[in-house]
Each structure stands twice: as C-alpha cells, then as structure tokens.
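Dear colleague,

Please find below the structure for your review. My notes on it follow directly after.

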Amino acid sequence: MTEFKTSTSKSPDGVCVISIGGYLDAHTASDLERNMQQAIDENCTKIVVDFATLEYISSAGLGVFMVFIEPVRLAGGDIKLAAMTEKVFSVFDLLGFPALFTIYKSVPQAIESFSLGG
Amino acid sequence: MTMFRLPTDSTSRRSISTTLFLLGLVLTLSRMLFVFFWCVIGENSVSSVLWAEILLALVSDVILGIIVALTFIYFQDRISKDVAYETIASSISVYAVSALALLLLAAILPSDISGGAPSNLFAVVSTQLIALGTFVISIALAGFFTSLLIIRRHKFTKVYLTIQALVVLVVWLFYVLDQVESGFKYAAILLTIVGAIVTFMNVRRLGWLTTTPLDKKIRLLWLCACGAFASIVLASMLAFSHDSFITISTLFFIRSGAVLPALINLFGFVFFLRLFFAVVAALPNSNIVDRRSSEVESLAALNRLIVQSADVDQLLASATLFSQKVCRAHGAWCELFEGSAPRVIGAQLVHADYVRHLHTNRQIDRLFTTLDGPLLIPSLRDRFPDLAVTSTIQSLILVPLVANHRREGTLVMFSTIEYGFETDDLRLLTAFADTIGVALDQKRLTDTATEKERLEKEFEVARKLQASLLPRSSPKISGMELGATTIPATQVGGDYFDFLEFPNGRFGIIIADVSGKGIPAAMYMATLKGTVLAEARSAEGPRDLLCSVNATLKGSMEKHTFITMMCAEFNPETSELRIARAGHTPAIIRRESGTSICRPNGIAIGIAAPAIFDSHIEEVSFVVREGDICLLTTDGVNERRNASLEEIGFETVANLIDVLRPASAYQIVEATMALLGEHAGATEQHDDITVIGMLFTANEKTNGTNSLGAVL
C-alpha cells in the first residue's frame, strides 16, 4: 500500500493546487482535510486538486470534497478535480460525482478554467 | 530435651494446673502446721530427729517439684507463640518488681529463727512464704529464660541449656558435699563460672532489637538494668549473706536450698547484662530504623487509601491529604496536566484558583512544567527574588507524578515558613509519588477494561438490533425467488437491504450502502430503513422512491456521509423488472440474450440537492423470463481483496453469473460467496458484504412467504 501524500502549491493566477497521491482512505482523509482548510483559511477559494498520483480513494476520501464544496462555492470559488487515473475516475463516476464536480483531464486545463470564468 | 507431653486442650491443662496448685497449697499448709507443732509447741529443733528432717525435706522437694511443673506448663503454653517485645518487657518488669519486693519484705521482717527452728507462729509463716517466694521467682525466671531461648533458638541452644541445668545440679551437689569435704567448694565456684559463660554464649539472636523503635529500646534498657540489679542483689544475698532472712528461710525450707535460686539469679544477671549491652549497641541505628519503619507504615497506609478510592480524582485527593499530614506540610495540592491550565485536585489550605493564578507567573509555570525530578525549594524568596505573587508559600516540595512513562502532573507540598521541609520529606514524597503513579496506571487500566466491556455489550445489543432491521424471510412472489445474505466487517455495518410492496402491487427490492463503517453507519442504516418504508407507501416506482429518499435525507445527513442505493421493482403481471440506481454498485443481469451490467445514471443519496439528483437519475426496465438471474451487491463484493491486495473485480462476478445454472435463488448467493471465499482466503474483510440473488421462475399464482435462507 502506497503512503498517502499531499502538498499545496499556488499557481501565478492565484489558484491553489493541492496534489494528492497514494491511498486516500479513512486514515489519511484528515491530512487532505487539513490542507484544504489551510488553503481556505488563506482565502484561497480557487482550488484544483491534482489526482495524478492517487491510486485509491475510499468513501471517507470522497467525503472530504463533499464537506468543502459548499463553503467554497458560497465564497465564490470552486473545487475542480484534475488528472484522475481511469480507476479513480470510475469511482467518482459510479457515485455520480461528475454531476457536482467538474473533472478535467489535466491540471493546467483546470487552472485555465478559472480564468475563463468556468 | 523432649519431656513428657502435655495434653493439647486448654481445659485439661487448666485442670492439671489447678490440681497441682491445690496439692502444693495443702502441702505447704501441712508443712507449716507440722513445723508449728514440732518446733514452736514441741520446742524441738528440726534437725534433732532424722525422720522429722527427712519428712520435711520430702514435703519441700514435692512443693519445689510442683512449682517447677506449674512454671513448665505456664511457659509451655507461651512457647508456641513468638515472644514479642511486649512479652519480654512485661516479664522482666514482673520479675524485677517481685524480686525487689521480696528483698524488701525479707529485710523488714524480723528474723525469729534461732537454733534451726522458728520461735513463734509468725516466724513459721513468714519463713515459709519468703522461701516459697524466692523459689517461685527464681524458677519462673529460669522458665522465662528457657522459653525465650527456645523460641529464638540456634544450633547449640539445647546443648547449652542442658549444660546450664547440669551445672546447677552439680554445683548444688558439690555444695552439699562441701560440708563433708571442704575441697568441693572451689569446684563449685569454677563450675558456676562455667555456667555463667555458657549463659552468656547462649543468649543470641537479638536481631529483633534492631527493628525495635527507639522509645521501646530505652524502656528495655531500664528494665534490663532493674532486672540485673534485682538478680545480682538476690544472688549475692543467697550466696554470701548467711544470716539474712532470705538465706535462712531458703536453707530452712531445704537444706542447701539457697544454691538453686542463687545460681539461677546469677545466670539471670548474666542474661540481663548481655541484653543490656545488646540494647546499648543497637541504640545508634535507632533513628534510621524509626524513620524507615514509619515510612513503611505510611506507605502501607497510603496503599490502603488507594485501594479504597473509587476513581482517579478521589485517589489523588486522599493521597494528597495523606502526604500533607505525613510531611507535616501546611498546605498541599495535586495538579494534573489537562489542556492549557492545570487541573487542581485535593487542594489543602489553598484554593484551586490560587494555584491556577500561580501558573500565570511564567517562572513558576516553567518550574512546574519542566520539572524532571523531585525538587525541594527551601526558600521561595531566595530562589525567585523578584517574585511578588506569593506571601503564603515560603518553601515547597514538588514531586512529578509519572504514570505509564508519561509525566501526568505534580504533587505539591508547601510550608508557610522558610526552610519548612527536610530532605527526608522529599525522599518520603518521592516514594509516595511512585506509589501514586503506579496506582494511577492501574486505575486507568481497570477503567479502560470496564469501559471496553461495556462497549462490547452495547455492540452486541446494536448487532442484534441491526439484525432485526433486516428481513428474515422473503415474500413469496409469483415468478421470482429471492435469496440474500449480509456480513458486516465489524459487528455492525452500514449495508442495508429490504423487500417491500409498492402501492401499485409490485414488489420492491432495496439494497443500500452507507459510507463509513461501524456505529455511525449503522445509525444511518436504521434511519434509511425508516425513510424507505415511509416513502415506499407513496412511491410510484424505483426512481421515484430514490428521489423521495434523497429529498428527505439530504438536509439531515452529515456533509461527508452519503448513501449509495439501488431499487429494483418486479411486476409479476408483466414479468417486467425496473431498476434505478443512486450511485450504487451496478446490478448484474443474465437473460437469454446474455449477461449485462446494469448501470443506469444516478447520484448517491446525500450529495446533491433534489433538483440535481432528480434530473440525473435514470430508470431502466427489462422483461425477464424463466431462468433469468439478477444479482444485486454492495461494493464490499467487487472490492473484496486477497492477500496481495488485488480486488476480485466486477468482471469475475459477472463471469460467474454468466455460467451459473442455479436450482434456487439462494444458490446464486452461495455461489457468489464461494467465489469471494476462493479469492480472498483468510484475508480480513474490510467492508460490509451484501448479496441479493433473484431467480426468475414460471408464473405461479400463489402468495405467502419463503424462508430467505440467509445467513444474517
């Protein structure tokens, strides 16, 4: 099992990119939650989550996005998901998440979508 | 020296003693009467006629024998018990007082014996009593001495005692022989010295003195001095003062009778002297012994307190109060690190607020929190010259409380005067803190164990409750057979399935999975069942039911929780199967045309507002025939992992259904479970597993219920 990793970086356009990798489950969800909260506390409401190296996501991991999406949207921002592997995407897809979250093929696309007003 | 055995029961012992005593009394009175008539009335000398002398000597010997026997019985009773300090002290004082009283009595009584015969009745009685007193006191001393030695015996005790007894007898014999041949006197003196040396050697095992407290030692010292004084005066009187009333009386009682008490008292003197010096030698370490014994006593008392305490707080409060008393501190408290401010327990003389106020001082707070060992601050003013907060507390002892290798808090004793504590107090408190730490550990362990037991019971109740929420049998539906099973990963789970009837007469099959595990998931599962049953009364079909459930639950669920759910509806009239899915694991359907995965669009419940949810949900329908199969599962099935963490996957399950030719619906369930077992082996189950098998049959127009055959 690969260890869960998460880090935050800020793009020149003021978009927070939170990268996640490894296994996102009940044990590691709090790490992501902390990162998200930190970004929001720093008034960063344009958030892109980079899924490129994420191998597995459990229901507890999905819960994190559900917790933050409403406050972020109320604050005029959004959480956009990007660069998912096919396997992770299928989990999101099965649950009907694409109806609520916009999912992009790559991180630059997601960042760009903010400046396009999308 | 195994003498005759005494009866073991106290009643017969007492009757023997009483008989002997009465016999002695009768003999003594008879002897007095005889002496009175023979000497006073008849005005004869005792030794004037041989038979009279022999008769009196015999009576005296028997009386002496009775005294020895009574002493023996008395001490035999006590020999089984350990002779404690109290017994020794009281025995010595009884001896010393009675010996000195006897000497005093003998000194003031007129000696009215002339020419070997008492001159009046008073002299007859007094000489007899003084003689008896001397023998009783001396023999009792010998008895006490012997029993003391035997109880704390060593290898040579019995040999030495035998030598001493022989010395007494031989010296007595020599003394008698000396009247015939004068040389025996020197042999007797030599033997007496030998006897004294043996006595000295025989008194050993005085180790108990070391642990005797100082005040008791000093009392013993006085008693030994008194005993030594009484015994040496008595011994020298009997040995050297030939015209003293005591000597005359004993000699009048038995010829050469003064030798026995004189020797015994001499040996007694040696014994007292030996004990005296042993006590003197043991005096210097008394302070240490006293302190140690009081420490041990107070630790034992602390342990008793701890055992009686019901909880951690009570334990700490009573331990603090106890420590304060033992250290004679003016005030005390115990504080535990909890959160930012310390929690104060059992504060004495100070208020908890005051202690918290103390902590607002940075220097003091740092002192308390960084304490790495017991600390005595003799003067707070010297240590913190610029400290203005306190006038009450002048000297302090701080002892860290450590439980489970973790610093838990501090035990604090304070005095209102400077230099109010000694380093000994610090040492004692350190011992207390260790004991309290261990007790804290134990208390917490017990509490955890009790809590665990309680939780286990509650889990069991929850498990039964949840099992009762799931159907035990399936309705008998014309054209369809049902089989189902659910296995939670922990005792309770978040999987749910149900069978119900829609108002339009069609049958509904529900399967759902609450995100998360354990008790929270189980609570949502129960809520879900209530909602489903309520909404099903007015729902028109699967899609409608899922929309209503989402609309009801969306607002009331925690943000991170969601429920995936699938609803299938079977119409027996038309053999039509309609399915709607709210983010749930797809169904697998095998029909004549082949096996397919049924995955209509839909969002999980609790994620999206009704407007979005309703617009995304689809409903699909099929017409089924005899032999067709539909399998509903939760994600615990397709995500079941083996030892190398590989999921079984959806394809494998679909392939099984494709080739399965079940005889009953439950065989579908069994085959699926067998497939999972084959894949996972003994690997731990991480998620709840639920399987529902539907087998479509030829229409039979019957109603009723079937056993579900489910393992719940």
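In this predicted model, the contact (heavy atoms within 4.5 Å) of helix 5 with helix 6 of chain B involves, on the helix 5 side, residues including B:Thr157, B:Tyr160, B:Leu161, B:Val167 and B:Phe174. Their counterparts in helix 6 include B:Phe184, B:Ala188, B:Leu191, B:Gly195 and B:Val198. By class, this contact has 14 nonpolar, six polar and two charged residues (Ala, Val, Leu, Ile, Met, Phe, Trp, Tyr, Cys and Pro count as nonpolar, Asp, Glu, Lys and Arg as charged, the others, Gly among them, as polar).

Turning to the interface, 26 residues of chain B are in contact with 16 residues of chain A. About 1,600 Å² is buried between the two chains, 64% of it on carbon and sulfur atoms (accessible area, 1.4 Å probe, lost on being put together, summed over both). B:Lys559, B:Phe562 and B:Ile607 supply 34% of the area that chain B buries against chain A, more than any other three residues.

As to conventions, residues are numbered from 1 along each chain as its sequence is written, and chains are lettered from A in the order in which they are written. Local features need pLDDT of at least 70, side-chain atom pairs count only at pLDDT 80 or more, totals for chains, interfaces and linings use all residues, and side-chain values use heavy atoms, without hydrogens and water.

Yours sincerely

Note on methods
Helices (H or I, at least four residues) and strands (E, at least two) are DSSP runs, numbered from the N terminus.
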